[in-house]
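Please keep the sequence and the structure in view while reading.

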Protein chains: 2
Amino acid sequence: MPVPRNIIEQIKQIVPPLNGTLHKGQSGRVGVLGGAMDYTGAPFFAAMSALRLGADLSHVICAPTAAQAIKSYSPDLIVHPILKEDAPQDKVKKELDSLLSRLHVLVLGPGLGREDYMQNYAKVALNLARSKAMFLVLDADALWLIGQDLSLVKGYRRAVLTPNVVEFKRLSEKAGVDTSVPPDEKAAEVSKRLGGVVVLQKGPKDLIAIDTTGEAASLAESGIRHVLDEESEKVKEVIEVDVEGGLKRCGGQGDVLSGTVGAMLAWGKCYEDGAFGDKSISASRLPILAAVGGSMVTRTSSKRAFHVEGRGLVTQDMIPYLAKAFAENFGEDLQAGERGRL
Amino acid sequence: MPVPRNIIEQIKQIVPPLNGTLHKGQSGRVGVLGGAMDYTGAPFFAAMSALRLGADLSHVICAPTAAQAIKSYSPDLIVHPILKEDAPQDKVKKELDSLLSRLHVLVLGPGLGREDYMQNYAKVALNLARSKAMFLVLDADALWLIGQDLSLVKGYRRAVLTPNVVEFKRLSEKAGVDTSVPPDEKAAEVSKRLGGVVVLQKGPKDLIAIDTTGEAASLAESGIRHVLDEESEKVKEVIEVDVEGGLKRCGGQGDVLSGTVGAMLAWGKCYEDGAFGDKSISASRLPILAAVGGSMVTRTSSKRAFHVEGRGLVTQDMIPYLAKAFAENFGEDLQAGERGRL
């Protein structure tokens, strides 16, 4: 089932125009928090994908044990090795606070791991982001974190969760979703029980769901204004993305997705702040639009890279195709700017 | 002499289908243990070759002195710097145990070196892998390790040894193979004396041999079931691989081989576990099939890279050709998936 036309049109509205009117940063400043002893590729994939989709600046916030490797993958990333295991918590919190204030979105989880100090820093960052009403993407071991305490994210309508099969099963159980709920309705049920966060359930087709009809789905707490009629914001919506993807299931593709959703949320924030556009789209719609858009371009880039690499596909092959994948889904004009085609 | 048609057909059966039915990991999770003060390229070549042949995930387990360099070679590898010289042995053993439980195969030796602590950790890992009935590839200084104590590998029929000329000579001597044995029969004799491990003797043509007619070739100890008639498993088989290779003998090509054999063993493990296929191939056949398949694709990738680079060939040139080398030997359809050709 193709993504509804009106959703595509809404996504196109939050894409920053390429006509010379914006200055550096107004196409999105993205932050990725993750990367410690074991994982360095995951935060790189997320941060680089955000840039390659079209964000202006991409920051990685990581442990010193991961920083040199991540820095070496690309000079285009800004890597902050502030998550020191033995640093005073207050000092790191202050540094995080300052960093997050400069960003439009925080992607939390790629390469985070489960070491205690990293999980603690992730929690600090999540709470800071929430207090600033920042857009959030939660993936990988950030989903593990909220699994331990669902209140960390409950009711926060600027969050997008991107669980894979295993993570989704765990999250459903933690949220108390009955096993009798039909498979295609589970994502919406998780969203409802978490107070309206957007759930992007990855699979052969991606299901993106929001359900704000439950308790605790608070627009006010999420810092969402510009809603004409709050009652009309009681929504239940499930969008299926079955755009063709590749057939290889190598590790790291989920990190690309978290980065592309992050970039689109950063665009959404710039849109919300009035950098461009007509503000006709409510901030409450931005998470689901970004989730759908990120899913579409990630699947298409996987398809394109797979057509070239086949079984030998690795995740770094996908990143150069993100721009073309964007053009395929949303039009070459939007990708190449007003002056010409690629 | 071409590889027998029935062997090719058996190898094709253990290749994971590319039709969307498998999830992440079911095309193989490979581990490479090696990398310390001197060597960082070798474990990278092995781990990256496994990915580029088609494994889903590739882990490197190494010393902290090697980790940053290996991480920086590719964001697609997961690098665990747990082999600390001064760490408590029990702690490292526990970490190794946990890591190995997540893998389908362990490639032991690329860049291992001969420092005491690395040799000790390799021994710990080998024993753990054996206790878990994991598939094993032993190369380079892991062959040095078992040369000191052949009982480490004797009778373990899930192991493939990949000695070069020097390593093979040493191994033959340690195993007490008489110098009067004809050259083409030596590999089988080493296999027999080591209780049926598969020996891949590298050379102008590769000889892959198994001989389980000696003592100590125990299926039970190797955790091999699904054998209808254990007596029929008393086999002696030698397969010659003279697929055209390149003419440059630069260092590192053996690491590519250990990675490709490892990837095929990981596929074999997924096959054995029922992720795909009909289980018509006994687990006892998987090591020899993986060894033959790895030899074929490695030689072909060397040929292809050599045609481009000639005398200037270095090992990293081979890795991008692994997918094409696979397609050349086993068919483009199998490499590109059901939806199309590369």
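## Helix H4 of chain B

The model is predicted, so local features need pLDDT of at least 70 and side-chain atom pairs count only at pLDDT 80 or more, while totals for chains, interfaces and linings use all residues. Residues are numbered from 1 along each chain as its sequence is written, chains are lettered from A and ligands numbered from 1 in the order in which they are written, and side-chain values use heavy atoms, leaving out hydrogens and water.

Helix H4 of chain B covers residues 89–100, twelve residues in total, and spans 16 Å from its first C-alpha to its last, close to the 16 Å expected at 1.5 Å a residue. The expected span is 1.5 Å times one less than the number of residues. Helices (H or I, at least four residues) and strands (E, at least two) are DSSP runs, numbered from the N terminus.

The buried residues of H4(B) are B:Val92, B:Leu96, B:Leu99 and B:Leu100. Seen down the helix axis, the buried residues of H4(B) fall within an arc of 90°, so they line one face of the helix; the arc is that of the directions from the helix axis to the C-beta atoms. An α-helix has 3.6 residues a turn, so residues three or four places apart point the same way. The buried residues of H4(B) pack against strands S1 (29–33), S2 (57–61), S3 (78–80) and S4 (105–108) and against helix H5 (116–131), which belong to chain B. Contact here means heavy atoms within 4.5 Å.

B:Leu128 is found in helix H5 of chain B and counts as buried at 9% relative accessibility. Leaving aside residues up to four places away in sequence, B:Leu128 touches B:Lys93, B:Leu96, B:Asp97 and B:Leu100. How far apart in space are B:Leu128 and B:Asp141? Their C-alpha atoms are 18 Å apart, and the two residues are 13 residues apart in sequence.

B:Gln201 belongs to strand S7 (residues 198–201) of chain B and is buried, at 17% relative accessibility. Among the residues that B:Gln201 touches are B:Pro163, B:Phe168 and B:Leu207.

## Helix H11 of chain B

Helix H11 of chain B (residues 322–330) is mostly covered, with seven of its nine residues buried. The buried residues are B:Leu322, B:Ala323, B:Ala325, B:Phe326, B:Ala327, B:Asn329 and B:Phe330. Their cover includes helix H10 (286–309) of chain A, together with helices H1 (5–13), H2 (41–53), H9 (253–272), H10 (286–309) and H12 (332–336) of chain B. After H11(B) comes B:Gly331, whose phi is positive, near 105°.

## Aromatic rings

The structure holds twelve aromatic pairs over all chains. Rings of Phe, Tyr and Trp (its six-membered ring) pair if their centres lie within 6.5 Å; planes under 30 degrees apart count as stacked, over 60 as edge-to-face and the rest as tilted. The rings of A:Trp267 and A:Phe326 have centres 5.9 Å apart and planes at 85°, so this pair is edge-to-face. A:Trp267 lies in helix H9 (residues 253–272) and A:Phe326 in helix H11 (residues 322–330) of chain A, so the pair ties together parts that are 59 residues apart in sequence. A:Trp267 is buried, with a relative accessible area of 3%, and A:Phe326 is buried at 2% relative accessibility. A:Phe44, A:Phe45 and A:Tyr73 form one aromatic cluster.

Charged groups also sit over rings: NZ of Lys or CZ of Arg must be within 6 Å of the ring centre and within 35 degrees of the ring normal. A:Arg158 lies over the face of A:Phe135, at 4.6 Å from the ring centre, and B:Arg114 lies over the face of B:Trp144, at 3.7 Å from the ring centre.

## The two chains

Chain A is superposed on chain B by a rotation of 91° with 0.3 Å of shift along its axis (RMSD 0.1 Å). The two copies are thus related as by a four-fold rotation axis. The superposition is by least squares on the C-alpha atoms of residues with pLDDT of at least 70 in both copies. The copies use different surfaces, as 6% of the contact residues of chain A recur in chain B.

Conventions:
Buried < 20%, exposed > 50% of the residue type's maximum accessible area, 1.4 Å probe, protein only.
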